[in-house]
Protein chains: 2
Amino acid sequence: MQAASGRRLAPGARRAQLVAAGLDLVDRQRLATVGAAEVAAHAGVSKALVFHYFATTDDLHAAIVEAAAAELLASLLTDPSLPAEERLRAGLEAYVASIERRPAAHLAVVRSLGSNPRLAAVVEASRTQVVALILDAMQLGATPPGLQMMVRAWIAMVEEAVLHWLQERPVPRAQLVDLLQQAGLASLAAAAGQVNGEE
Amino acid sequence: MQAASGRRLAPGARRAQLVAAGLDLVDRQRLATVGAAEVAAHAGVSKALVFHYFATTDDLHAAIVEAAAAELLASLLTDPSLPAEERLRAGLEAYVASIERRPAAHLAVVRSLGSNPRLAAVVEASRTQVVALILDAMQLGATPPGLQMMVRAWIAMVEEAVLHWLQERPVPRAQLVDLLQQAGLASLAAAAGQVNGEE
């Protein structure tokens, strides 16, 4: 890998290469054990070069989790011409597929959140963007806060179900998506209906 | 407080008194700042006495969180003569009421889980018991794993919604309970129906 990776790269491309190497490692070992030395070895560059882009291990870890979150968010952008229900399903399928691509990395990141407020903040910011995406896809537009609360709660449900599913796979993947879609539609319809109708 | 609390108590009662003092403190300050000295001062006993029951701060914190979890679980036991839907609602109401009694303590415990695997294990064990309670109350009996996954995911939804609600209270409490009940019924019905019917 040394020969190919050691060549000159533009700073942005080099940084992205190092982050990709980090993501790759996180899929095989705990985030806490992924440091500049490991990333350097895996990317075939010097440790000094890694330090040039990421002054601390914390910076490196934050960049890895930001990259994973950005990749996940990009995968959730669904075709706006689809009906709301299908967009919800397409988003769910993309979410599960994105996590299945690197299941161990997903578990590693989830497990590290509690002890690392900076990583938790990155993931929390990404959840806020997912809430906005869902409200937009479901054409719920500017919404009362009770609905935002339920969208956020449904995201927690999805995260928990997928975490459980990755570890035990009690049902086929399509069935997981069905169950979460139905739960989501029912939860959001209840929240939208109640907030708009019964108040 | 010294005079009343300094009197002789049976060991079980003394331990319970110290744990109650700890729970009381956690409702006003971060769990990490609740140590033997603080509990001793609040309960009006010596620090040595606290150490006699809890050798380490970790033991003290685990006992506080165990007591909170036991209190919560006890509150979730609903009348078995009620129909399943009403039991789900009664359990939800009890959950929200139990957390509202000590909202700051709840937030403190939730926030400390990530960085303390022992506390996280206590809460996780309690969630497993809640899953069993729900499957029993909903008369879903011995169930396929896909349903357990969805019950667990619904618990995550409830926890997230209540956490959000405690901080922002976007809707009245009865409406929060309505929304979570509807989401729960829809999610569990989908999971029970799909697993039993469509396979």
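Predicted model: local features only at pLDDT ≥ 70, side-chain atom pairs only at ≥ 80, totals over all residues.
**Entry 1: the fold of chain A**

I began with the secondary structure of chain A and counted 10 helices and zero strands. Reading along the sequence, I wrote down the pattern α-α-α-α-α-α-α-α-α-α. I then looked up the extent of chain A, and its C-alpha trace spans about 65 × 35 × 35 Å along the principal axes. Chain A has 199 residues, and 49% of them count as buried. For contacts in chain A between residues at least 6 apart in sequence, I noted that 67% join residues at least 24 apart.

**Entry 2: how the two chains are related**

I superposed chain A on chain B, which took a rotation of 180 degrees with 0.0 Å of shift along the axis, at an RMSD of 0.0 Å. That is the relation of a two-fold axis. Which residue of chain A comes closest to the rotation axis? I found A:Gly114, whose C-alpha is at 1.6 Å.

**Entry 3: the interface**

I listed the residues in the contact and got 31 from chain A and 31 from chain B. Of the interface residues of chain A, 100% are also interface residues in chain B, so the copies meet through the same surface. The buried area between chain A and chain B comes to about 2700 Å², and carbon and sulfur atoms give 70% of that area.

Next I looked for polar links across the interface. The rule finds two salt bridges between chain A and chain B. It also finds two residue pairs in polar contact across this interface, both at pLDDT 80 or more. I checked which elements supply the side of chain A that touches chain B: those giving two or more residues are α9 (145-168) and α10 (173-198) of chain A. By class, that side of chain A has 19 nonpolar, eight polar and four charged residues.

A:Glu160 sits in helix α9 of chain A. Is A:Glu160 buried or exposed? Its relative accessible area is 18%, and A:Glu160 is buried because the cut-off for buried is under 20%. Leaving out residues up to four places away in sequence, I found that A:Glu160 touches B:Arg152, B:Ala153 and B:Ala156.

With B:Arg152, A:Glu160 forms a salt bridge in which the closest N and O atoms are 3.4 Å apart. This pair crosses between chains, running from helix α9 of chain A to helix α9 of chain B. Both A:Glu160 and B:Arg152 are buried. I also found the side chains of A:Glu160 and B:Arg152 listed as a polar contact of 3.4 Å.

I then looked up a network of salt bridges, and it links A:Glu124, A:Arg127, A:Arg152, A:Glu159 and B:Glu160.

**Entry 4: salt bridges within a chain**

Over all chains, I counted 26 salt bridges in the structure. One that I looked up joins the side chains of A:Arg102 and A:Glu71, at 2.7 Å from N to O. The pair links distant parts of the chain, 31 residues apart: A:Arg102 is in the loop between α6 (84-101) and α7 of chain A, and A:Glu71 is in helix α5 (residues 57-75) of chain A. A:Arg102 is partly exposed, with a relative accessible area of 22%. A:Glu71 also counts as partly exposed, at 31% relative accessibility.

In chain B I looked at B:Arg118 and B:Asp58, which form a salt bridge with the closest N and O atoms 3.6 Å apart. B:Arg118 is in helix α8 of chain B and B:Asp58 in helix α5 of chain B, so this pair ties together parts 60 residues apart in sequence. B:Arg118 counts as partly exposed at 36% relative accessibility, and B:Asp58 is partly exposed with a relative accessible area of 34%.

**Entry 5: a loop residue, A:Asn116**

Where does A:Asn116 lie? I found it in the loop between α7 (103-113) and α8 (117-137) of chain A. A:Asn116 counts as buried, at 13% relative accessibility. A polar atom of the A:Asn116 side chain lies 3.1 Å from the backbone nitrogen of A:Arg118.

**Entry 6: helix α7 of chain B**

Last, I looked at helix α7 (residues 103-113) of chain B. Its buried residues include B:Ala105, B:His106, B:Leu107, B:Ala108, B:Val109, B:Ser112 and B:Leu113. What covers the buried residues of α7(B) includes α2 (11-26), α5 (57-75), α6 (84-101), α8 (117-137) and α9 (145-168) of chain B.

Note on methods
Residues numbered from 1 in each chain as written. Chains lettered and ligands numbered in written order. Heavy atoms only, no water. Contact = heavy atoms within 4.5 Å. Buried area = accessible area lost by both parts, 1.4 Å probe. Salt bridge = Lys/Arg side-chain N within 4 Å of Asp/Glu carboxyl O. Polar contact = N/O pair within 3.5 Å; in protein donor to acceptor, adjacent residues only side chain to side chain. Helix = DSSP H or I, 4+ residues; strand = E, 2+ residues; numbered from the N terminus. Nonpolar A, V, L, I, M, F, W, Y, C, P; charged D, E, K, R; others polar. Least-squares fit on C-alpha atoms with pLDDT ≥ 70 in both. Buried < 20%, exposed > 50% of the residue type's maximum accessible area, 1.4 Å probe, protein only.
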